[in-house]
Structures are given as C-alpha cells and as structure tokens.
Amino acid sequence: MKLFIFTLLLFVFQIGVAQDATQRKNNFNLTRNGVALSGYDPVSYFKSPEPKKGEAKWSYTYKGVTYWFSSASNRSEFVNSPAAYEPSYGGWCAYALGTSGEKVEVDPLTYKIYQGKLLLFYNRLFTNTLTLWNKDEDTFFTTAEKNWPSIINH
C-alpha cells in the first residue's frame, strides 16, 4: 500500500512539473527556431563583447526551454546557474513590457544588461526600443517587473 501511494504521489508530481515546464515554454519567445534567444548563447551576453551564436551540439533544456551555447564551458556555466543567465521576461521586449505590458518580438542583438538581468529589445522598421528604454529605464523596468507576473499567470 505504501508503495502504491508513493508511486501515485510521484506520478502526480511529475505531471505538475511537466505542466509547469509546458506553461513556462509557452511564455518564452521561441518563435524563430524553437530555441530561446534565436539560438544565441545566453552566457555570451554577459561574458563577451557581443553575443555569440550557439550550436545545437551544446544545447541544454531548462524547465522546458532549450538554449544553445557557443562552447561546452558556457553550457556548463549556465547549467550551474541558469537563473543568472536566462533572459528577463521570457526573452520578449523589455520596453513593450514596461509600457503596454505586451509580448513583442525582439532583435537578439539589441540588448542590455540592467541590474544583472539580460533585457532584449525590438529593433526593426526604424524603431529601436532600446533607445526609448534608455530615456527612462528605471520607470520602464519597474513597470515591466510588475507586468510580467500577470502575463505568465494569465
């Protein structure tokens, strides 16, 4: 009987974890190729002068979201501390979240590290939202931080 109850609890826990990973994946910007950051290495944003493209051979899936890395050492660094390197707001435009609270596509090469967080921005059609963000980043950041939980819990 104890084995049955343990097995049942383990099964229920696994379903909950799978649902959390699926919900989390649904909130991430994975539209380009099914990989976060359009395949750019998240660690490279923090460690290199420019972000580097990752490779599938050094991929890692964290809570349902797949990342590619430019080296085995960057992959290892991410595995040891994923929260330090994941993009804020699921990789959606920080400026859009800080103004309208919407999920908007980004240019993975238009980014900023702000308060230790990787923020990405829309940069197309003569609009670079990083430039707009820089005009009042404290206000936009505070609003984005407030808006994001309502989006992921919606």
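Start by selecting Lys117, which at 29% relative accessibility counts as partly exposed. Buried here means under 20% relative accessible area and exposed means over 50%, with partly exposed in between (1.4 Å probe, protein chains only).

A word on what you have open: this is a predicted model, where local features need pLDDT of at least 70, side-chain atom pairs count only at pLDDT 80 or more, and totals for chains, interfaces and linings use all residues. Residues are numbered from 1 along each chain as its sequence is written, and side-chain values use heavy atoms, with hydrogens and water left out.

Glu145 and Lys117 form a salt bridge, with their closest N and O atoms 3.2 Å apart; the term covers a side-chain nitrogen of Lys or Arg within 4 Å of a carboxyl oxygen of Asp or Glu. This pair joins distant parts of the chain, 28 residues apart: Glu145 sits in helix H7 and Lys117 in strand S4 (residues 117-121). Helices (H or I, at least four residues) and strands (E, at least two) are DSSP runs, numbered from the N terminus. Glu145 is partly exposed too, at 31%.

Next, select Glu137 and Lys112. Their side chains meet in a salt bridge of 2.7 Å, N to O. Here helix H7 (residues 137-152) supplies Glu137, and strand S3 (residues 107-114) supplies Lys112, 25 residues apart. Is Glu137 buried or exposed? Glu137 counts as buried, at 19%, while Lys112 is partly exposed, at 21%.

Finally, select Lys57 and Glu55, whose side chains form a salt bridge (3.9 Å, N to O). Lys57 is exposed, at 60%, and Glu55 is partly exposed, at 36%. Across the whole structure, a search finds four salt bridges.
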